[in-house]
Amino acid sequence: MNAAAEPILRVQGLRKNYGGVPALQGVDLEVARGEVCGLIGPNGSGKSTLFDCCTGLQKSDGGRVVLKGTDITGWAMNRIAREGRLLRSFQKTVVFPTMDCEENLVLAGQMARFPGVASTFSIGRASRRRVAALRERARELIEVSGLSRVAHLPAGNLSGGQQKLLQFASMLMPEPEIVLLDEPLAGINPILIERVIQCIESANRQFGITFLIIEHNTDVLMNLSHRVIVLHQGQKLADDTPAAIVRNPQVVEAYLGG
Ligand SMILES: Nc1ncnc2c1ncn2[C@@H]1O[C@H](COP(=O)(O)OP(=O)(O)OP(=O)(O)O)[C@@H](O)[C@H]1O
Ligand SMILES: [Mg+2]
């Protein structure tokens, strides 16, 4: 297969049971490099479980996860993040409260790429060069996430929404190739929703990052996504353009409602 045509993420026949509960019942899906792909479905349809199995947080019971042509099924989470450059958002916002935005971002970049404490705080010429490069990326991401005005403040003094944006920027510091976002808009106000959308779009266009996004705010997701996949009871129900998905009678019945 032509390397350019190889999907960045390919899930084949993925199965996962929790005790007697079948959360995923043989799901196949593909995400193309550079795509923003939406993942929707009713509560309990297996969306987060799919993320858990792709990121190595949960072991699947069957099927394969192929990342950039490499079978990563069963790989540990850290290895998938570091070698596979696949990252996932955390629901809880965590920032270092006494550090400003740039310091938070530089530390996020250091910890992701050089996880040892010694290397994180090491000094020397190579280390200084590395930090300078991280600072440059941090400034770029502060710009992208619209935090320039508050970048000098200790992160603990930022609003909850601004902290969320800072965390989003932190996730982009280690230069991931694909990012899985689980309900990035949950519990945030309309102005901030706009900002998060802009961040995702800029990260996609400027850095070519691929996104797979779970989101119950379907209006926003339909606008943001190039393609939308629908899960229902642990199975794929539909996979199409947003325009076709909103008109699909099965999807309307199972999820979008009347
Ligand atoms: N850690 C777990 N232990 C036991 N059962 C689980 C676990 N995680 C998920 N499940 C079950 O697996 C099924 C799929 O859950 P999952 O969280 O993947 O759904 P979801 O599509 O993300 O739903 P939501 O939209 O509510 O977040 C559900 O029946 C859920 O109760
Ligand atoms: Mg979920």
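**The ligand site and its setting**

A: The protein chain splits into domain 1 (1-85 + 176-258) and domain 2 (97-174), with bounds that come from an automatic or database domain assignment. Keep in mind that this is a predicted model, where local features need pLDDT of at least 70, side-chain atom pairs count only at pLDDT 80 or more, and totals for chains, interfaces and linings use all residues. Residues are numbered from 1 along each chain as its sequence is written, chains are lettered from A and ligands numbered from 1 in the order in which they are written, and side-chain values use heavy atoms, with hydrogens and water left out.

Now for the site itself. Ligand 1 has 13 residues around it, with N43, G44, K47, T49 and H216 the closest; a residue gets in if one of its heavy atoms lies within 4 Å. Sorted by class, that shell holds seven polar, four nonpolar and two charged residues. Here Ala, Val, Leu, Ile, Met, Phe, Trp, Tyr, Cys and Pro count as nonpolar, Asp, Glu, Lys and Arg as charged, and the others, Gly among them, as polar.

Which elements supply at least two shell residues each? They are β2 (21-31) and α1 (47-55), and α1 gives the most, with three. Helices (H or I, at least four residues) and strands (E, at least two) are DSSP runs, numbered from the N terminus.

Next come the polar contacts, meaning pairs of N or O atoms within 3.5 Å. K47 puts a polar side-chain atom 2.7 Å from an oxygen atom of ligand 1, and N43 has one at 2.8 Å from a ligand oxygen. For S48, an N or O atom in the side chain is 2.9 Å from an oxygen atom of ligand 1. As for cover, ligand 1 taken alone exposes 630 Å², and the protein buries 61% of that (Shrake-Rupley method, 1.4 Å probe).

Definitions and conventions. Polar contact = N/O pair within 3.5 Å; in protein donor to acceptor, adjacent residues only side chain to side chain.
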